[in-house]
Amino acid sequence: MPAKPFPELSESQTSDLKESLLQWTLANGLVMYPPNFQDFSANNAPITLFPTPLPKSSFQNAQDVQKLFNELYINLILKEKSWLIDILRKLSKFDADFTGKLFEVYEKAIEQSPNKKLIQPLSLGLFRSDYMVHDTTNEIKQIEFNTVSVSFGGLSTKVGELHTYLNKSGYYDSDYSYQYYDDEEIPISNSINELAQGLADANYYYNDETKSTKTVVLIVVQPGERNCFDQRHIEYALLKNHGIKTYRVTLEDVEAKTTVNDSKLYIKATMDEVSVVYYRSGYAPSDYEVNPEKTWAARLFLEKSKAIKSPSVLTQLSGAKKIQQILTKEEIIKQFLPDISETDLEKILSTFVAIYPLDDTPEGQTAKKLALEQPEKFVLKPQREGGGNNIYKENIPGFLKNIDEKEWGAYILMELIEPPKHKNKIIRNNDIYNEDIISELGIFGTILFNEDSGKILTNNNAGWLLRSKFSSSNEGGVAAGFGCVDNIYLY
Ligand code: ADP
Ligand code: MG
Ligand code: MG
């Protein structure tokens, strides 16, 4: 069945809808701080007026492969750590300032630990696998797999609740009397509770080992975080659902506000013991730029502590774009998921578009030609996270020619995905924009594993996120100002 069109509303209905929508966002914390905020006033987060159509089968496929992807990425660590380390060591040479520094933290943490082994074998992944739907086939195609600081699990639940409220209240209907969508057509992502559950699982297993009674979660945040409300929703759920308290520190504050005793990490002010360090910072060079010595030292200090890290440095690095490129190969998937069924293998493989290395291998040589001769089909990605780092289409040849060919190996060349365009409306501050949008679906997953025993303790789906952006912009960062938070309308 084709998707219903977006609701068609008169000017006065749109203005009613806008008022109800904006008041709901303020009443329920679907908000964000404005750039350079000084005080405590926040604005509605950029969102869509309506949910955006997504084929049911595409959504189902993305849900179906999440636990496999969770397992695939942590198996790089559990099954062939030396293979992973070799790749990361090579990458570190290309990108000494960031990948290299992170890798150094990993090596130093081991070097400085008793018996040359990290004290905490447990590790928590809060992951998000991102996709776009391919326009002609409805196949989901992976954009990237995120292993650090995944965001918008908080606001995603909220936007689903908002669209449901507007729908149930009749705002999407021209007579204000009917629900335009059936309830099950616009499901609400349970990501707030599920991500909190992931942290609670780690807290539980931490205490299983130490028999300590009451522990807290430490969230490492960026100074002046505009998207802190997204994080707060998870904190509130952690306290409400599990009775677990949270503390927030920046990397710069770690030294002043925390301490270790017998490797256990404590909050200085209260001497609360920390079970989990949850990073919502530390994924980009800018997180370490202002005070490099102190912030890198803080990362090492936390890595060596007994608290469970989400993620550990190695888990963070396993999400490098270069690793994603290597993982598109069937034989590699089979190597890391040896028990995978044929059906599951096909499902995973069907999510990949071509990703090439730009190195001296025969494949790399072919890719270099493609990058220079048919750049309009590709996006060039460095080993970076957080949006705004990629080079698109016709900008690729000029960019590559400007850097030494020896450096090209630090990038991957990825086929562009062409998602369908939709006529949804975006509301940003108080203004409504009518432009074609394209959407990116993210599926959250949580996985807790033990590096010593090789055991996976929990592995779960954890809700989803739909982000949309004007189809005219190349990048979709919500905080960066290009995109918005959306929700799915399944058809
Ligand atoms: P980051 O880790 O910085 O988020 P991504 O790989 O997600 O890097 O790329 C950023 C954005 O670029 C994506 O959100 C998407 O909008 C766009 N993008 C990335 N890869 C592709 C692709 N293969 N096809 C189309 N758009 C892409
Ligand atoms: Mg990313
Ligand atoms: Mg991304």
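This is a short chat about the predicted model shown above.

User: What should I know before I start?
Analyst: It's a predicted model, where local features need pLDDT of at least 70, side-chain atom pairs count only at pLDDT 80 or more, and totals for chains, interfaces and linings use all residues. Residues are numbered from 1 along each chain as its sequence is written, while chains are lettered from A and ligands numbered from 1 in the order in which they are written.

User: OK, what's the mean pLDDT of the chain?
Analyst: The mean is 95, and 97% of the residues reach 70 or more; pLDDT is the predictor's confidence in each residue, from 0 to 100.

User: How many helices and strands are there?
Analyst: The chain has 17 helices and 22 strands. Those are DSSP runs numbered from the N terminus: helices are H or I with at least four residues, strands are E with at least two.

User: Switching topic: which residues have the most contacts inside the largest nonpolar core?
Analyst: Leu199, Val217, Leu218, Val276 and Val277, in a core of 108 residues. Strand β19 (residues 437-450) gives the largest share of that core, eight residues. A nonpolar core is a set of buried Ala, Val, Leu, Ile, Met, Phe, Trp, Tyr and Cys residues joined through C-beta atoms within 7 Å. Buried means 20 or more other C-beta atoms lie within 10 Å of the residue's own, with C-beta atoms placed from the backbone.

User: And what percentage of the chain is buried?
Analyst: Buried residues are 45% of the 491.

User: What box do the C-alpha atoms fill?
Analyst: Roughly 70 × 60 × 45 Å, along the principal axes.

Technical notes. A residue is buried if 20 or more other C-beta atoms lie within 10 Å of its own, exposed if 12 or fewer, and partly exposed in between; C-beta atoms are placed from the backbone.
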